[in-house]
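Student: Please take a close look at one chain of this model for me. I would like to know how it is built and what it touches.

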Amino acid sequence: MQTVTKEMLIAKAAELLDNGSVTRVFGWQKGEFDYDVTPALFHSAAEMEKDFVWNDFCGANFSKYLIKDKGEGKVLVFLKPCDTYSFNQLLTEHRFDREKVYAVGIPCDGMADIRLIKEEAGEGVTGVDTEGDELVVHTLYDGDIRLNRGDFLAERCKVCKSKKHVAYDELMGDDGEIADSARFDEVAKLEAMSADERFAFWQNELSRCIRCNACRDVCPACSCEKCVFGNPKSGVENKAASDSFEEKMFHIIRAFHVAGRCTDCGECSRVCPQHIPLHLLNRKFIKDIDTFYGEYQAGAEVGSRAPLVDYTEGDIEPSKAVERGGANA
Amino acid sequence: MRKCVLADKNALLAAMAAVSRLYVPVDGADKQAVFSEWKDGAVLSGKLNTNRSAKDFFFPQTENMMTFKMSGKKLEIFDTRREHEDFILFGVRACDVRSFTVLDNVFLSEPVDTYYANRRAHGTVVSLACNKPAETCFCRTFDIDAADPEGDVVCWEDSENIYLTAKTEKGEKLLAALENVTEACGDDAADGVKTLVNERLGKLPLAELKADKFGGGKTDAFFNDPAWDSLSEACIGCGTCTFVCSTCQCYDIKDFDTGHGIHRFRCWDSCMYSDFTMMAHGTNRPNHMQRFRQRFMHKLVYYPENNNGLFSCVGCGRCLSRCPISMNIVKVMKTLGGKEDA
């Protein structure tokens, strides 16, 4: 259950709008149901009273929206702990003006995954309320179904890497700690496979890709003005994969491109309409970077140099990495 | 009308598969429903609808249209089309059946898209009434009847039987081939299911959504509405809505030099993409709001204007549950259509 309430966030926004600290607010807007929340820009407390929502379905990360936002004065943005890592990473890359943003850190008790809920409760879910450790799922045909909240959190929240905010102007509630996360367990399982098994795993997953580019377009690390895959002059533009090679190429190139910059926010897997576990590609890179260069968390500090764009005498020799891969390289 | 007891559904499907290749919705590895070739004993998906729409069968995401080869000054053109074999799609929902009509209006009007026509001519559509419509459904908004779908053959299921009736010549041919596994029944046999479905449709959260403020001739009423700015603000510009949509029909054609000849390749395109309909002078929708507006104006105004008032949204709800930011046609219709002067 979230410790900071919707009312507290509206009051905070109203205070900052009133005293002129900010002119607008990035916040989550309620939809038709409790779980179809849309990121939106609010301009007054009255607008927020009407439509603002803060519940277990506010997974959308606002950091990337700061790049596009060009309004007058400062914008208020609410950041969950994981969002603050993307925020810092984008600052490191000089993608938005820190002076134009007022960041309020808010604690997060994890976000629920509506897909998991619908798999359990069936279709026809008209709303979901949180009551303590339980989710009360309202359905069209089966009445109310009570689920254990912890079981229906998004994967990224079940293995949450940090409840600690690494960036904010002001913090609401208590700050948490960096967690001893189990987020690499699934990667370890993939590593334990033979090369053929692993190839088959990714072939199967990526064969479902429809090249909607949602993973790229939502990714805070994918902030190029013009993506090479969307540029007709690049020679490699493709709007659809014509074969299994192209299915893999887009995702693997993208994973390489964000390696060392990906904070593991998990938005890619959240938005994939085909339910491809894309975050596992990025986590493999993070795990390898940790192993080869020492632990590194993108976005933990503004201005940190990622191992892949830095050089130290202690850097691993490329040949060692190949040796480590062995027969699976 | 004919019927078959549910216990014999596998035999019914086997009889269909004996007629031609049969595709049915089954749960894939990701627990989402997907049309797959029927295999004996296949467990059909309990999901209301498939993750991807059924349009893939007639308008696939990618296809090679032809191949060219140059040798000296000689140019050879190879037609890569093959006569499609007959196939049956079982379990198509009313919304998706209507989407075929929307696509037919585009691809079967002159000049006919022979690639599409080839597949369409060989496909038999067996539809299935929606016993449990979902919270994201709004087919009634567009006068689609999930209790009594269109299709070559229409099916209803209750707790005991599956009822079948033919609506077209193709459908009659298929039903005739199923005589050994079905028995005749009264035309009112499925009325109980129809009543139940109608009751449920009436109670859906989006049951009151109306499209009557939209349609042909409404370009001026909506084109310059300031609400497009706020509606499109959060859109990340991906193509999810267009690619899961059962009626989106835009495509791109490009020639690729493979080094061993040139492939003329066609694939789905999305009006959300920045290079959509790029022309020599550039693009006519340079900003994101314009691209966003195009998608909804096309469904709600431009298409009906050119197609006797038929909307090119069928209310299947796929975009509602797939959009990364949960912005969708329902929210657009409520915002624009909810105004007094609309």
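**Chain A up close**

For 329 residues, a compact globule would have a radius of gyration near 20 Å; chain A comes out at 21 Å, which agrees. Keep in mind that this is a predicted model. The C-alpha trace of chain A spans about 60 × 50 × 45 Å along its principal axes. Of the 329 residues in chain A, 41% are buried. Chain A holds 13 helices and eight strands. Now take its contacts between residues at least 6 apart in sequence: 65% of these join residues at least 24 apart.

Next, the domains. Chain A is divided into three: domain 1 (6-111 + 161-171), domain 2 (115-148) and domain 3 (185-328). The C-alpha centres of domain 1 and domain 3 of chain A lie 27 Å apart. These two domains touch, and the contact takes 16 residues from domain 1 and 16 residues from domain 3. On the domain 1 side, helix α4 (residues 81-92) of chain A supplies the largest share, eight residues. By class, that side of domain 1 has six nonpolar, seven polar and three charged residues.

Two helix pairs deserve a look. Two packed helices are described by the angle between their axes and the distance between the axes.

Start with α7 (residues 185-192) and α12 (residues 279-293) of chain A. Their axes come within 9 Å and cross at roughly 85°. Angles of 65 to 115 degrees count as roughly perpendicular, so α7(A) and α12(A) are roughly perpendicular to each other. From α7(A), the contact uses Glu186(A), Val187(A) and Leu190(A). From α12(A), Leu280(A), Arg283(A), Lys284(A) and Lys287(A) meet them. By class, this contact has three nonpolar, no polar and four charged residues.

The second pair is α8 (residues 195-206) and α10 (residues 244-258) of chain A. They pack at an angle of about 90°, with their axes 10 Å apart. α8(A) and α10(A) are therefore roughly perpendicular to each other as well. Trp202(A), Gln203(A) and Leu206(A) of α8(A) make the contact with Ser244(A), Glu247(A), Lys248(A) and His251(A) of α10(A). The residues here divide into two nonpolar, three polar and two charged.

Last, the partner chain. The contact between the chains takes 34 residues from chain A and 38 residues from chain B. On the chain A side, the elements that give two or more residues are β2 (38-42), β5 (125-131) and α9 (214-218). β2(A) gives the most, with four residues. By class, the chain A side divides into 17 nonpolar, 10 polar and seven charged residues.

A word on chain B for context. Chain B is divided into domain 1 (2-202) and domain 2 (219-337). Their C-alpha centres lie 25 Å apart. The contact between them takes 31 residues from domain 1 and 27 residues from domain 2 of chain B. On the domain 1 side, β4 (62-71) and α2 (94-107) of chain B are the elements that give two or more residues. That side has 15 nonpolar, 10 polar and six charged residues.

Note on methods
Residues are numbered from 1 along each chain as its sequence is written. Chains are lettered from A and ligands numbered from 1 in the order in which they are written. This is a predicted model: local features need pLDDT of at least 70, side-chain atom pairs count only at pLDDT 80 or more; totals for chains, interfaces and linings use all residues. Domain bounds come from an automatic or database domain assignment. Two residues are in contact if their C-beta atoms, placed from the backbone, lie within 7 Å. Ala, Val, Leu, Ile, Met, Phe, Trp, Tyr, Cys and Pro count as nonpolar, Asp, Glu, Lys and Arg as charged, and the others, Gly among them, as polar. The radius of gyration is taken over C-alpha atoms; the globule rule is 2.2 Å times the number of residues to the power 0.38. A residue is buried if 20 or more other C-beta atoms lie within 10 Å of its own, exposed if 12 or fewer, and partly exposed in between; C-beta atoms are placed from the backbone. Axes are lines fitted to C-alpha atoms, for helices over the stretch in contact, and angles run from 0 to 180 degrees between N-to-C directions. Angles under 35 degrees count as roughly parallel, over 145 as roughly antiparallel, 65 to 115 as roughly perpendicular and the rest as oblique.
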